[in-house]
Amino acid sequence: MVSTRMSSIVDSPTMTISAMAKKLTSAGLDVIDLGVGEPDFDTPKHICDAACESIWRGDTHYTPSNGIAELRQAIAEKFWYDNHITVSSDDVIVTPGAKMAVFAAIQATMDEGDECVLIGPSWVSYEPCVTFAGGRVVWADVDEEFMPHDLAEFITDKTKLIIVNSPSNPTGSVLGADVLREIRDLVVDNRLYVISDEIYEKIIYDRDHISIGSLSGMEHRTITINGFSKAYAMTGWRLGYLTGPPEILRWVGRLQSHSTSHATTFVQRAGVTALRSSQEMVGSMVAEFRTRRDLMIEGLSELGMRCTNPGGAFYLFPDVSEYGGGDEFAKRMLSDALIAVTPGSAFGPGGSNFVRISYAASQERLKESLERMAKLVGA
Ligand SMILES: Cc1ncc(COP(=O)(O)O)c(C=O)c1O
């Protein structure tokens, strides 16, 4: 009875793990949930206040489908000073979450039979979005640091799109200027599009984030996506945005106007406050994430676990092939150590030797998780 298109989509594995962890917790077990994909900080109060004031002012009606003018203007300015991408507010569409922007941009670019290149282990929702559009994912190889190699070999005459996600979920890897330039050259030579998902842009350590859309030649080939979930701890608010070539934005706008309509009105108002007020909270959140990353990297290395030191996001992606691989290790972690992590296979075929550990948890809980892991692996 179900449409063929819908039956090709599977449940999000990260949501499934989180649901299992919550179930065990509600059964009274002390589960440490390191499967989460959201900052464990509260949304800053001044942003919450802006939303409340907006409701009391009566901002409870429809807005233009592409978003309110003030927010689109603030985002256009942000693209300029953070990302060196020059756009006007007309080139910005506000969406209910970056996920909707990713979904819509993929639907707008991919045709039946087109190929989309994903670079190594990649966020769980890209492939279902491509499948939904009738396209096919091609998984490009990465090296031990999760950097692409021989990317050109994965481009065919059916390739339409490459998705770049730096800093990356699940590996935390950050693509440097050289790699981005190589991708740019391939994209320009083969007349492709890039979706650059920059949702972890602000959560980055010891280096600057580079937007591929700012490289010369990429102005008309890049769809840049971002959102408020990670930088401002606003996952539940559902607020994201994108910019890109007008021929793509036109279809994204139409898709949105016939589906979700627009992001929630007072949430858009809060978004203006988030962008236009002090960014101090972002800095202190990132400092805390960095301390936790260091703590976990040191702890895992004491356990003898191989793990690259990620340059951004709040995930570690250790190699657990010695412990039976990602699926087996994630199962044992939950059943024997009461720690929820995500098996790397959720992020594509290149992830099966790994698990994703989110360090969006307090230092105390992370230390406790390392102690439990030490018992589990007999270190
Ligand atoms: C790489 C990546 N892109 C997009 C999203 C979606 O973010 P949003 O909450 O804005 O929909 C996530 C959320 O986990 C993510 O990890």
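Q: How far from an oxygen atom of the ligand does a polar side-chain atom of asparagine 169 lie?
A: This is a predicted model, where local features need pLDDT of at least 70, side-chain atom pairs count only at pLDDT 80 or more, and totals for chains, interfaces and linings use all residues. Residues are numbered from 1 along each chain as its sequence is written, and side-chain values use heavy atoms, with hydrogens and water left out. A polar contact is a pair of N or O atoms within 3.5 Å. For asparagine 169, the distance to the ligand oxygen is 2.8 Å.

Q: Which residue has a polar side-chain atom 2.6 Å from an oxygen atom of the ligand?
A: Lysine 99 also faces a ligand oxygen, but there a polar backbone atom is 2.9 Å away. The side-chain atom at 2.6 Å belongs to serine 229.

Q: What percentage of the area that the ligand exposes when taken alone does the protein bury?
A: Areas here come from the Shrake-Rupley method with a 1.4 Å probe. Taken alone, the ligand exposes 400 Å². The part of this buried by the protein is 92%.

Q: How many charged residues does the shell around the ligand have?
A: Asp, Glu, Lys and Arg count as charged. The shell also has five nonpolar and four polar residues. The number of charged ones is four.

Definitions and conventions: Polar contact = N/O pair within 3.5 Å; in protein donor to acceptor, adjacent residues only side chain to side chain.
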